[in-house]
Amino acid sequence: RLGIDMEVEEHLLAAPFDYASQAALYLPRDIPDPREAGYLERAADEVRALCALTGGGAFVLCTSIRMMKALHGVLRDRLDCPVYLQGEAPNASLLERFRADGNAVLFATASFWQGVDVPGAALRLVIIDKLPFDVPSDPLVQARCGRLEEAGEQPFMKYLVPAAALALKQGFGRLIRTRHDRGVVAILDTRITKRGYGRAFLASLPDARRCTSLDEVAAFWKEAHA
């Protein structure tokens, strides 16, 4: 895609963080598929429980404006902390308030998945609603998938999964910004563990401690803040 057709030398530099001790990756097992009825209420329950555990300090990163507004609508009066919604104010202003509060919950979409830096305890929980696949109807996505099909490739595994895995990694990257940060990333999409392509997503993420229950997350949180 970059047009580089000559031999090149690549360097992959590891992050300077100890993710195994600094971060937990929470993958709940008993939540419905995001496309099923009942997902919104169960996802909201998970967000509420996680925010209660960490005392807020959370980004709730959604893959669509519709889901962002739906989760915010269910939870805005059920969280015991300041609650912000992307679009209510300029992003820079929202971030400033978020940092100053120290215990806020911000519901946001794509513009907060990357390029946003909140080091320290103000951000200690990142919740991702779904695997961030590109919208199939997007003209650019359609064109790229069509080009791969013409070349005899499978667009889903060759393009859509790698692109989504990169976006997920960037979303995870909002959490640990310094060697002193501690926190939890929760992915509320069971396809990451129940579908074969989920392995590509898990392989792209840092080596954080895996948790499948809120009790395990609570144990990590207690240990990390002892």
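A: A residue is called buried when its relative accessible area is under 20%, exposed when it is over 50%, and partly exposed in between (1.4 Å probe, protein chains only). Proline 155 has a relative accessibility of 12%, so it counts as buried. The model is predicted, so local features need pLDDT of at least 70 and side-chain atom pairs count only at pLDDT 80 or more, while totals for chains, interfaces and linings use all residues. Residues are numbered from 1 along each chain as its sequence is written, and side-chain values use heavy atoms, with hydrogens and water left out.

Proline 155 belongs to helix α6, which covers residues 155-172. Helices (H or I, at least four residues) and strands (E, at least two) are DSSP runs, numbered from the N terminus. Two residues are in contact when they have heavy atoms within 4.5 Å. Apart from neighbours within four places in sequence, proline 155 is in contact with Cys145, Leu148, Glu149 and Leu160. Serine 137 is 18 residues from proline 155 in sequence, and their C-alpha atoms are 14 Å apart in space.

The part to look at closely is helix α5, residues 139-150. The expected span of a helix is 1.5 Å times one less than its number of residues. Helix α5 has 12 residues and reaches 16 Å from its first C-alpha to its last, close to the 16 Å expected. Its buried residues are Val141, Cys145 and Leu148. They cover an arc of only 60 degrees around the axis, which puts them on the same side of α5. The arc is that of the directions from the helix axis to the C-beta atoms. An α-helix has 3.6 residues a turn, so residues three or four places apart point the same way. Helix α6 is included in what covers the buried residues of α5. Two of these residues, Cys145 and Leu148, are also in the list of contacts of proline 155. On the other side of α5, Pro139, Arg147 and Glu150 are exposed.

At the N-terminal end, aspartate 138 caps α5, with a side-chain oxygen 2.9 Å from the backbone nitrogen of leucine 140. After α5 comes glycine 152, which has a positive phi near 80 degrees.

Helix α2 can be set beside it. The 16 residues of α2 should span 22 Å at 1.5 Å a residue, and its end C-alpha atoms are 23 Å apart, which agrees. Its buried residues are Tyr39, Ala43, Ala44, Glu46, Val47, Leu50, Cys51 and Thr54. Seen down the axis of α2, they fall within an arc of 160 degrees, so they line one face of the helix. Glutamate 46 is counted as buried because its relative accessibility is 4%. Its contacts, leaving aside neighbours within four places in sequence, include Tyr26, Leu188 and Leu214.

Last, the whole chain. The protein chain contains nine helices and seven strands, and buried residues make up 46% of its 226 residues. Of its contacts with a separation of 6 or more, 74% are between residues 24 or more positions apart. Along its principal axes, the C-alpha trace spans about 55 × 40 × 35 Å.

Terms used:
A polar contact is a pair of N or O atoms within 3.5 Å; within protein, one must be able to donate a hydrogen and the other to accept it, and residues adjacent in sequence count only if both atoms are side-chain atoms.
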